[in-house]
Amino acid sequence: MMALSLLILGLSRLELDLIYSLLYILILPGFATALLITLFIIWFERKAAARVQMRYGPLWVSRRTGGIIQLLADGIRFSFQEFILPAGADALPFVFLPGLLLSFSLMPVVFTPVAPAYAILFPAGYTLILAAAFTMIIPVLLVVLGWAADNKFSFLGSLREAYLLISYEVPFLISVASMFLVYRTLDLSFAVLEQRSLPGLLANPLAAIVFLLVVIRSTGRVPYDIVEADSELVFGPYTEYSSLMFGLVMGVPYMELYGYSLFFSVLFLAGWLPISGTGWLMGFMVPAVVTVLKALIVMCFLVFLRSVYPRFKLNRAMEVGWGWVMYLALAGLLLSVIEVAIGW
Amino acid sequence: MTYEALSQVSQEEGLIELQVGPAHAGSGHMRILVWVEGDTVVKVDPDVGFVHRGVEKLSEGRLYVKAVPMVERPSLVDTVNANLAYVEAVEALAGIKPPPRASYVRVITAEISRIISHLYGIAIFGIFLGTSTVFMWALADREPFIDLLEEMTGARITYSHIIPGGVRWELPADFGDRIETALRYLENRFNEYEKLWVKNPVVVARTQGVGRLSREDAIRLGVVGPNLRASGVKRDIRKDRPYEVYDQLDFDVPVRHEGDCYARLLIRIDEMRESMKIIRQAMKQIPDGKIVYDDYYNKMSPLFKKIYDEGRVKITQSLTSLAPPPGEAVSLVEGGRGEMFYYLVSDGTRFPYRFRSVTPSYRNLPFFTHVMPGQKLADVPAIYGSIDYFPPEADR
């Protein structure tokens with residue numbers, strides 16, 4: 001296939017790799033897929049909650065498809081609304097941070113191999129560290145955003161974010177580190193190959209639980225929607241946003257969720273396995289779809305929690321974060337050490 | 001203290017002042033000024049009056065019977081009890097006594113109203129704690145009862161069903177079977193509430209030990225209704241000063257001693273179960289007879305008597321020309337949120353000289369000023385939701 005395209009288009013190997021890289025970033029699993037997934041997951045969240053709550057959920061925008069393009073309609077509505085810049089706001093960060101947040105929330109996707117072809121396209125040996133690092137930038141930006149809005153609710157929201165960030169990122173790193181111990185590689189592509197016999201979820205379930213908890217926390221899913229807490233803080237750090245900016249900041253947690261879930265499916269759910277192969281179709285497209293589907297299942301589970309739980313309290317969440325989430329993470333680390341010691 | 005003076009205080013003490021409301025997801029039709037130090041609430045000032053409509057003064061310019069639709073407007077989810085409290089006062093003034101069947105119909109609708117009110121309270125509590133599921137469930141589970149009353153009275157919420165000397169509608173023929181179906185439905189739903197909401201670990205963590213009001217403080221601050229009973233005080237107007245036919249019915253007054261948000265949630269569910277018991281008993285014991293007092297019926301025109309046989313009571317001159325002798329009267333009714341105190345003064349004309357209502361929500365205001373300080377910011381909506389505070393009822 002590759003040789004054929006080389007022949008027909010007269011492209012050099014390097015140029016073809018470039019096209020694949022762009023495809024990776026823009027189409028699958030990058031930007032276009034992320035948008036589609038966001039569209040789907042918000043629809044799913046609302047539809048699932050509606051089913052539990054004896055309602056219909058989104059319905060009237062394209063009734064035949066069950067209202068799946070409701071989010072597009074909302075987006076169009078947002079884009080026609082007036083953008084309000086609060087008088088006291090720090091204009092530069094206030095205006096630019098939502099876009100920055102969106103791009104940073106997609107950064108982990110770049111460092112998450114979803115197909116065997118990734119190792120050829122982006123020969124980076126430290127994807128585990130990079131993916132973990134880029135997931136952790138967003139909370140910092142959120143703190144800046146809350147401060148820039150010059151609103152007490154935004155400020156309190158970003159303070160909460162800062163507190164929770166510290167309480168939950170440490171267990172997160174420990175959980176990632178324990179997986180590193182199991183796979184003994186910092187390259188996620190190799191980490192996937194290591195899971196041929198046993199997926200990471202079974203190899204170290206404790207680390208997986210901690211990872212999922214931190215994903216719920218970081219992306220503000222219920223019961224950890226403490227930062228946005230509408231009955232206390234209106235909309236947390238995003239309180240002052242209006243129009244298209246509001247649409248952007250609404251989408252950020254879902255993009256973030258997508259990045260985390262891809263990371264999770266590669267680290268714990270054996271990524272594209274059991275599919276593997278070479279070439280355009282079996283080496284890239286099919287494995288990528290498999291990985292994204294695994295991530296989608298994780299996302300569906302996480303957004304469903306909205307129908308079940310109320311919101312945690314800040315001090316309680318921090319107690320839990322430094323308490324048994326931490327113990328769980330350390331137990332996961334111990335488990336990994338034991339597994340390595342007995343040479344499993 | 002005026003608002004300006006309070007702002008001054010906050011600047012001096014270096015606290016963050018939050019204006020929760022009047023346009024805030026967690027405030028309702030009121031403004032709550034909250035001063036926080038870090039995440040801890042230092043001081044709370046509930047700013048009421050945003051939905052004051054002057055019901056008391058407006059009633060003074062109206063015929064006694066014309067005030068009925070108005071007095072029930074403030075407590076919009078507990079209209080029957082508000083209506084009943086007003087009519088009790090008018091009847092005490094005018095010396096009218098409703099026939100027993102009318103009293104039973106009143107008790108049945110009042111207890112249905114209590115169930116509706118408690119479900120609404122639980123729904124609001126749910127959304128304040130951040131779960132939309134219980135909000136939707138509890139609001140939707142009011143429907144069987146609202147439908148029943150709608151079929152009977154023609155209105156979904158404001159029934160204006162009780163008039164001095166009787167009630168305006170006879171119970172529909174199959175009311176007994178249908179109310180039984182509705183009660184069974186709600187009983188089954190309680191099991192699901194229990195699983196998803198009452199025993200949910202996050203709910204327990206959010207509410208247990210939060211917003212605790214001791215027995216002594218509850219008595220001292222004059223808190224009423226389920227909130228008082230959740231603090232361990234066994235006071236219920238239906239038992240202590242029985243009105244209508246409550247003394248002929250067998251029911252318990254649930255009491256809890258913890259005095260926290262969780263106890264206030266549980267006591268509402270217990271009270272709904274007691275209300276079910278009352279409705280079932282009343283449906284069994286309800287005697288045959290008229291639903292308005294004899295004199296009223298006798299003075300009806302033949303046409304109105306024909307309409308009465310269909311189960312509807314027309315408003316006649318007996319009511320529009322009702323002019324109680326000079327004097328004053330007081331009525332106490334146990335509404336869904338607590339005791340409703342209504343006071344009427346008559347000067348012998350067809351209009352009340354003075355009308356005064358003290359509603360339970362207003363008497364539960366001390367929760368804001370005395371219970372919220374010292375709690376976390378996230379507990380403000382939790383306590384607000386747990387006391388079932390309804391701003392229009394407080395503002396009247």
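1. The axes of helix H5 (residues 100-129) and helix H13 (residues 261-285) of chain B come within 9 Å and cross at roughly 160°. Axes here are lines fitted to C-alpha atoms, for helices over the stretch in contact, with angles running from 0 to 180 degrees between N-to-C directions. H5(B) and H13(B) are therefore roughly antiparallel to each other (under 35 degrees counts as roughly parallel, over 145 as roughly antiparallel, 65 to 115 as roughly perpendicular, the rest as oblique). Their crossing is left-handed, meaning that the near helix is turned anticlockwise from the far one by less than a right angle.

2. Ground rules before going on. This is a predicted model, where local features need pLDDT of at least 70 and side-chain atom pairs count only at pLDDT 80 or more, while totals for chains, interfaces and linings use all residues. Residues are numbered from 1 along each chain as its sequence is written, and chains are lettered from A and ligands numbered from 1 in the order in which they are written. Helices (H or I, at least four residues) and strands (E, at least two) are DSSP runs, numbered from the N terminus.

3. Contact means C-beta atoms, placed from the backbone, within 7 Å. The contact of H5(B) with H13(B) divides into 13 nonpolar, four polar and four charged residues. For the classes, Ala, Val, Leu, Ile, Met, Phe, Trp, Tyr, Cys and Pro are nonpolar, Asp, Glu, Lys and Arg are charged, and the others, Gly among them, are polar.

4. H5(B) has another partner in helix H7 (residues 143-153) of chain B: the two pack at an angle of about 145°, with their axes 10 Å apart. This crossing is left-handed as well. B:Thr109, B:Ile112, B:Ile115 and B:Ile116 of H5(B) meet B:Phe145, B:Ile146 and B:Leu149 of H7(B). By class, that contact has six nonpolar, one polar and no charged residues.

5. Now the sheet. Chain B has an open sheet of three strands in the order E1-E2-E3, with antiparallel pairing (strands pair if DSSP finds at least two bridges between them). E1 and E3 of chain B are the edge strands, each pairing on one side only. From one strand to the next, the twist averages 20°.

6. Strand by strand, E1(B) and E2(B) pair over five bridges, and B:Gln19 has B:Leu33 in E2(B) as its bridge partner. Seven bridges join E2 (residues 31-37) to E3 (residues 40-47) of chain B; B:Ile32, for one, is partnered by B:Pro46 in E3(B). The hairpin of E2(B) and E3(B) has two residues between the strands, and B:Gly38 takes a positive phi near 65° there.

7. On to the A/B interface, which takes 27 residues from chain B and 24 residues from chain A. H6(B) (132-141) is among the elements of chain B that each supply at least two residues, and H6(B) gives the most to that side, with five. The chain B side divides into 17 nonpolar, seven polar and three charged residues.

8. Chain A, finally, has 16 helices and zero strands. Its radius of gyration is 21 Å, close to the 20 Å that the globule rule gives for 344 residues, so chain A is as compact as a globular protein of that length. The radius is taken over C-alpha atoms, and the rule is 2.2 Å times the number of residues to the power 0.38.

Note on methods: Two residues are in contact if their C-beta atoms, placed from the backbone, lie within 7 Å.
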